[in-house]
Amino acid sequence: MGNKTNNYTVLARKWRPQNFEDVIGQEHVTTTLQNAIKMGRVGQGYLFIGTRGVGKTTIARIMSKALNCLSTDSPNPNPCGVCENCIAIRDGRCLDVMEIDGASNRGIEEIRRLRDSVAIAPVSARHKIYIIDEVHMLTREAFNALLKTLEEPPSHVKFFFATTEPHKIPATILSRVQKFELRRVEYNVLLDYLNKIAKDEKVKIDEGALSAIAIAGNGSVRDALSVFDQVLALSDDNITEKKVVELLGWTDREIYLELNDAIVKQDAARALEAIGKVVKTGHDPTQFILGLLRFMRNLLLFKSIPNAESVIEEPVDFLEKLKNAADNYTSQQLLYSIDVLLEVLPRLESTEAKQVLLEITILKLLHARKRVSLDEVFSRLAALETGSPLVEKERAAIYQAKPSVEHNKNVSEAAVAENKEDEKKKKKEALFNKAKNEPIVKQAFELFPGSKIIEVEE
Ligand SMILES: [Zn+2]
């Protein structure tokens with residue numbers, strides 16, 4: 001396979017898009033740019049905004065080729081890729097396309113040099129192009145010098161700026177460029193792309209492994225490909241999800257399911273056993289908690305929005321398991337669990353007693369599963385009083401609470417009238433005892449001291 005030979009090219013370079021059509025997940029930008037070229041309305045300056053690895057400089061390079069492609073007499077929205085200019089730009093050796101790293105050339109001297117060179121006509125291309133990456137890193141003086149050039153640039157000059165932090169760019173610069181916001185690449189789009197690459201590179205890799213790589217990419221094509229490269233370097237056949245998860249230092253999804261099952265069943269011994277397994281196998285505790293946080297967050301999404309499946313970035317078969325797991329919680333319980341996990345993260349870094357901290361955290365989650373919020377107690381009490389069908393199964397008891405003396409008096413009288421048969425009475429007593437031990441009833445007693453159960457129903 002390719003990665004075993006000496007001339008192995010990293011995937012990010014090999015698969016770097018050479019055409020607008022090849023750019024992943026940024027159609028809203030590439031289509032607009034192509035239309036501008038077709039209509040001969042290419043601006044003087046562009047600013048590409050977006051997180052790392054979403055294609056900002058890639059698009060700037062394709063733009064450079066489009067403007068200078070020799071296969072047509074004027075700029076070409078579909079650069080040929082084979083003419084002298086297209087090849088020189090692709091290989092980074094075109095004298096008229098300058099790529100400047102704003103982080104290391106941020107001073108006024110560098111920008112003055114740039115200003116001087118702007119006036120000189122291009123050597124072999126139609127347009128002289130300046131691509132400044134991380135442009136927000138320029139100093140204030142450098143921005144001022146740049147502004148003078150941007151105000152009256154020679155017609156053969158184009159500026160392509162890229163930034164992750166547009167708010168650090170002066171308004172005077174922003175107002176002179178066309179702005180394009182690149183999106184974080186969606187999980188499904190990234191997954192399709194990785195599938196295509198795997199097929200093309202003839203890599204034997206399972207769906208779960210590709211999914212893990214897509215998740216690790218976290219919206220960035222470059223990051224996903226870099227993980228893919230690491231995976232290929234480790235193993236060259238039959239790449240499984242387990243191998244990728246190990247490489248990333250993540251915890252197997254199944255462990256989260258097992259842990260969750262123990263929490264739901266309030267089985268502390270099993271939950272702690274799962275933690276022991278995580279620690280023994282050398283998992284990074286922080287990665288483990290981050291994974292658990294992701295798990296709980298996904299459960300909360302299932303509780304909070306319709307069609308959560310479409311926004312949760314997990315493999316299809318795992319989504320179903322998540323959905324089932326979510327049924328065991330209330331949103332309140334999940335919010336509380338997530339709070340517990342967020343609190344433990346910074347503490348994990350600063351303690352030697354990581355295992356103890358993990359164990360305590362899991363016990364807190366077990367407790368969280370039992371938690372009933374005050375809101376919930378109130379709404380359930382209200383529902384019990386009005387006989388809402390929603391809580392039919394919880395209508396085992398009617399409480400004599402202060403706000404409803406009148407109502408309960410009526411119920412009480414009715415109950416006395418009904419209680420003539422002994423058998424019925426015994427049955428009621430059994431139900432009464434059962435109801436007394438219900439968590440919701442216990443909480444109600446805490447809430448309204450002196451309350452008592454005066455009637456039970458089947
Ligand atoms: Zn060309």
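The structure is a predicted model, so to speak of local features a pLDDT of at least 70 is needed, side-chain atom pairs count only at pLDDT 80 or more, and totals for chains, interfaces and linings use all residues. Residues are numbered from 1 along each chain as its sequence is written. The protein chain averages a pLDDT of 86, and 86% of the residues score at least 70; pLDDT is the predictor's confidence in each residue, from 0 to 100. Two stretches stay under 50: residues 1-6, with eight contacts beyond four places in sequence, and residues 392-405, with 34 such contacts. A contact here means two residues whose C-beta atoms, placed from the backbone, lie within 7 Å.

Overall, the protein chain has 21 helices and seven strands, taken as DSSP runs (helices are H or I with at least four residues, strands are E with at least two) and numbered from the N terminus. Of its 458 residues, 33% count as buried. The burial scale works on C-beta atoms placed from the backbone: 20 or more others within 10 Å makes a residue buried, 12 or fewer makes it exposed, and anything in between is partly exposed. Among contacts with a separation of 6 or more, 74% come from residues 24 or more positions apart.

Now for the sheet. Five strands make an open sheet with parallel pairing, in the order S2-S3-S4-S1-S5. At the edges sit strand S2 (97-101) and strand S5 (178-181), each of which pairs on one side only. On average, neighbouring strands are turned by 15 degrees against each other, direction ignored; axes are lines fitted to C-alpha atoms, for helices over the stretch in contact, and angles run from 0 to 180 degrees between N-to-C directions. Helix H3 (residues 56-68) packs on the sheet and touches strand S1 (45-49), S2, S3 and strand S4 (157-163), with its direction at about 165 degrees to that of S4.

Strands count as paired if DSSP finds at least two bridges between them. Going across the sheet, S2 is joined to strand S3 (residues 128-133) by five bridges, and Asp 101 has Asp 133 as its bridge partner in S3. Five bridges also link S3 to S4 in parallel, with Ile 131 opposite Phe 160 in S4. S1 and S4 pair in the parallel sense over five bridges; Gly 45 is partnered with Phe 159 in S4 and Ile 49 with Thr 163. On the S5 side, S1 has four bridges to a strand that again runs parallel, and there Ile 49 stands opposite Glu 181.

S4 is well covered, as seven of its seven residues are buried. In a regular strand the side chains alternate between the two faces of the sheet. In S4, Val 157, Phe 159, Phe 161 and Thr 163 point one way, while Lys 158, Phe 160 and Ala 162 point the other way.

What about the nonpolar cores (sets of buried Ala, Val, Leu, Ile, Met, Phe, Trp, Tyr and Cys residues joined through C-beta atoms within 7 Å)? The largest has 67 residues, and those with the most contacts inside it are Phe 48, Phe 160, Phe 161, Leu 194, Ile 213, Ala 224 and Phe 228. This core lies between domain 1 (26-181) and domain 2 (186-247), because both give residues to it; the domain bounds come from an automatic or database domain assignment. Beyond residues up to four places away in sequence, Phe 48 touches Lys 56, Ile 59, Ala 60, Phe 160, Phe 161, Ala 162, Phe 180 and Leu 182. A second, separate core of 29 residues includes Tyr 256, Ala 271, Ile 275 and Val 340.

Helix H9 (residues 207-217) is mostly covered too, with nine of its 11 residues buried. Ile 213 is one of these buried residues. The buried residues of H9 pack against helix H8 (187-200), helix H10 (221-234) and helix H11 (241-247). Just after H9, Asn 218 takes a positive phi of about 50 degrees.

Finally, Ala 145 is found in helix H6 (residues 140-151). Ala 145 counts as buried because 21 other C-beta atoms lie within 10 Å. Leaving aside neighbours within four places in sequence, Ala 145 is in contact with Ile 108, Ile 111, Arg 112 and Arg 115. Ala 145 and Glu 110 are 35 residues apart in sequence, yet 9.8 Å apart in space, C-alpha to C-alpha.

Key: A nonpolar core is a set of buried Ala, Val, Leu, Ile, Met, Phe, Trp, Tyr and Cys residues joined through C-beta atoms within 7 Å.
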